[in-house]
Amino acid sequence: LTLIEFYSTKHKNSAPLQGAGSELVYHRLPWKEPDVPYLLEVFYEDDDLIALNKPSGLQVLPGGLFQQRTVLKQLQWRASKQSSSLSSQASHPVPVHRLGRGTSGILLCAKTKLAKTCIAAYFADKTSVVDAD
């Protein structure tokens, strides 16, 4: 079943593929992603957190025209390069808040799942001071 055949056929309901045993495959044509600032300056880093200077023009998460040239992909690349070092927790670097593509500023990223959970809770509670406990 091709995409043209799928859309040119009249269906009895809005979900014609459910239970039909058919498989719809979408092949996206490759494209060149637009040029963006690609080097991230690290302001602070420890075992749980990394604070980056995100330049204007760099998208944080993959989407739209930007699938590879994003902050998240750069964090994942850094983690894979550093994975040879021994660490007690697996590194899962992710941004804990969002800055729009056109916005520059400090972007906080968690390096572990526990750090992400804690930092996200601080943002949700609007906490500006974190106890050392």
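Predicted model: local features only at pLDDT ≥ 70, side-chain atom pairs only at ≥ 80, totals over all residues.
Me: Why is F43 called partly exposed?
Reply: Its relative accessibility is 44%. Buried means under 20% and exposed means over 50%. F43 falls in between, so it counts as partly exposed. The residue sits in strand 1, residues 41-45.

Me: What makes F43 part of a nonpolar patch on the surface?
Reply: Patch members need over 30% relative accessible area. F43 has 44%, so it passes that cut-off. F43, Y44 and I106 form the patch, with about 310 Å² of accessible area together.

Me: Why is K111 called buried?
Reply: K111 has a relative accessible area of 14%. The limit for buried is under 20%, so K111 qualifies.

Me: How do you know that E45 and K111 meet in a salt bridge?
Reply: The N to O distance is 2.7 Å. The cut-off is within 4 Å, so the pair counts. E45 lies in strand 1 and K111 in the loop between strand 4 and helix 3, so the bridge ties together parts 66 residues apart in sequence.

Me: What makes R78 and E45 a salt bridge?
Reply: Their closest N and O atoms are 3.3 Å apart. That is within 4 Å, so the contact qualifies as a salt bridge. R78 is in helix 2 and E45 in strand 1, 33 residues apart. R78 has 25% relative accessibility, and E45 has a relative accessible area of 32%. Both values lie between 20% and 50%, so both residues are partly exposed.

Me: How do you know that D35 forms a salt bridge with K32?
Reply: The closest N and O atoms are 3.4 Å apart. The limit is within 4 Å, so this pair counts too. Both residues are exposed. K32, D35 and R69 are linked in a network of salt bridges. The structure holds four salt bridges.

Me: What makes the largest nonpolar core a core?
Reply: Its members must be buried residues of nonpolar types, joined through side-chain atoms within 4.5 Å. The largest such set has 12 residues, including V36, L58, F66 and L99. Strand 2, helix 2 and strand 4 each give two or more residues to this core. A second, separate core of five residues includes L49, V96, A110 and I119.

Key. Residues numbered from 1 in each chain as written. Heavy atoms only, no water. Buried < 20%, exposed > 50% of the residue type's maximum accessible area, 1.4 Å probe, protein only. Helix = DSSP H or I, 4+ residues; strand = E, 2+ residues; numbered from the N terminus. Patch = residues over 30% accessible without salt bridge, like charges linked within 9 Å, V, L, I, M, F, W, Y side chains within 5 Å. Areas by Shrake-Rupley, 256 points an atom, 1.4 Å probe, with all protein chains shown as cover. Salt bridge = Lys/Arg side-chain N within 4 Å of Asp/Glu carboxyl O.
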